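This briefing goes through one structure, topic by topic. Keep the sequence and the 3D view at hand while reading.

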Amino acid sequence: MKGLIFQTYIDFLTKSHGEELKNFILRDAGSGDRDSYEVMGTYPFKSLYGVVAQTHAHTGDSVPKILEDYGYYLFDILAVSYAKYLGEGVDLFGFLESLEDHVHVHVNQQFPDASLPSFTYKRIDDNNLKMIYESERAMSDFGIGMIKGSAKHFGNKVSIEKEDLTPDNNGTEVEIRVTIIND
Ligand code: HEM
């Protein structure tokens, strides 16, 4: 995973739990602090998971909740540096449908060794989009946080359901159903 993801995770820890607890979490995960990661550097995915596991150990929050909250936080950060992908004429579903062939493709050009998931889509109707998430990193909860961040950005209220499609529930293939709630 890119250093950008580690650095932002450490900012997220500081904002959510304060400097002191962040330091305990990083110490127990055997991780360096923010300045030991370079934005463009690449670090093992399992190091991120180590920090997430220690966040769970220190806060009691579940790993899916931590990943979702982090995805929600990260979206706002990425939305600033990648504002062009959120530009005019794009709505929430249009944006989510552009991840696979557009947004993440550009991310891959910028960071050739980025570890990105793959998505396939089924637009059911104007208010319902089905996305199939596939990645060996099993981070669909992080994706759900990013979807919630996107919905806030586009001014939509959504409900999200997910279903693990793998026989052993390992999270590497997950159906995510996004429903726009009009009130
Ligand atoms: C402006 C929009 C976005 C940008 C610039 C962006 C960029 C990135 C970057 C840089 C990574 C990390 C790659 C690495 O460290 O190797 C990533 C991973 C990921 N992105 Fe996006 N992303 C965006 C929107 C989204 C949205 C809306 C979703 C929601 C479905 C999403 C789902 C994911 C997931 C689940 C991962 C984790 C890797 C994995 O599961 O294999 N992204 N993205």
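Which helix gives the most to the lining of the second largest cavity? The helix is α1, which gives three residues. The model is predicted.

- The space in the second largest cavity comes to about 30 Å³.
- Its lining is made up of F6, Y9, I10, S31, Y37, L48 and V51.
- Helices α1 and α2 (45–59) each supply at least two residues of this lining.
- By class, the lining of the second largest cavity has six nonpolar residues, one polar residue and no charged residue.

**The largest cavity**

- Rolling a probe the size of a water molecule over the atoms shows where empty space is left.
- The count of cavities of 30 Å³ or more is two.
- The largest cavity has a volume of about 600 Å³.
- It is lined by 33 residues, and L78, H104, L116, F142 and M146 are the closest to its centre.
- At least two lining residues come from each of α1 (3–28), α3 (63–81), α4, α5, β2 (128–134) and α6.
- Helix α6 supplies the largest share of the lining of the largest cavity, with five residues.
- The lining of the largest cavity divides into 26 nonpolar, five polar and two charged residues.

**The ligand**

- Where is the ligand found? The space it takes is the largest cavity.
- There are 25 residues around the ligand, and those that come nearest are K2, H104, S115, Y133 and S135.
- Helices α4 (92–97), α5 (99–110) and α6 (140–154) each give at least two residues to the shell around the ligand.
- The most residues in that shell, five, come from α6.
- The shell around the ligand holds 18 nonpolar, five polar and two charged residues.
- At K2, a polar backbone atom is 2.7 Å from an oxygen atom of the ligand.
- At S115, a backbone N or O atom lies 2.6 Å from an oxygen atom of the ligand.
- At R137, a polar side-chain atom lies 2.8 Å from an oxygen atom of the ligand.

- T55 is part of helix α2.
- Is T55 buried or exposed? T55 counts as buried because its relative accessible area is 2%, and the limit for buried is under 20%.
- A polar atom of the T55 side chain lies 2.7 Å from the backbone oxygen of V51.
- V51 is also among the residues that line the second largest cavity.

- Most residues other than glycine have a negative phi.
- A138 is not a glycine, yet its phi is positive, near 50°.
- A138 is found in the loop between β2 and α6.
- A138 has a relative accessibility of 24%, so it counts as partly exposed.
- N169 is not a glycine either, and its phi is positive at about 50°.
- Where is N169 placed? N169 is in the loop between β3 (158–164) and β4 (173–180).
- N169 counts as exposed because its relative accessibility is 58%, and exposed means over 50%.

Technical notes. Residues are numbered from 1 along each chain as its sequence is written. This is a predicted model: local features need pLDDT of at least 70, side-chain atom pairs count only at pLDDT 80 or more; totals for chains, interfaces and linings use all residues. Side-chain values use heavy atoms; hydrogens and water are left out. A residue is near a molecule or strand if one of its heavy atoms lies within 4 Å of it. A polar contact is a pair of N or O atoms within 3.5 Å; within protein, one must be able to donate a hydrogen and the other to accept it, and residues adjacent in sequence count only if both atoms are side-chain atoms. On a 1 Å grid over the protein atoms alone, a cavity is a set of points where a 1.4 Å probe fits but cannot get out, and a pocket is an open set with protein on both sides within 12 Å along at least five of seven lines; lining residues have an atom within 4 Å of a point. A molecule sits in a cavity or pocket if more than half of its atoms lie within 2 Å of its grid points. Helices (H or I, at least four residues) and strands (E, at least two) are DSSP runs, numbered from the N terminus. Ala, Val, Leu, Ile, Met, Phe, Trp, Tyr, Cys and Pro count as nonpolar, Asp, Glu, Lys and Arg as charged, and the others, Gly among them, as polar. Grid points are joined across faces, edges and corners, and a volume is the space filled by probe spheres set on the points. Buried means under 20% relative accessible area, exposed over 50%, partly exposed in between (1.4 Å probe, protein chains only).
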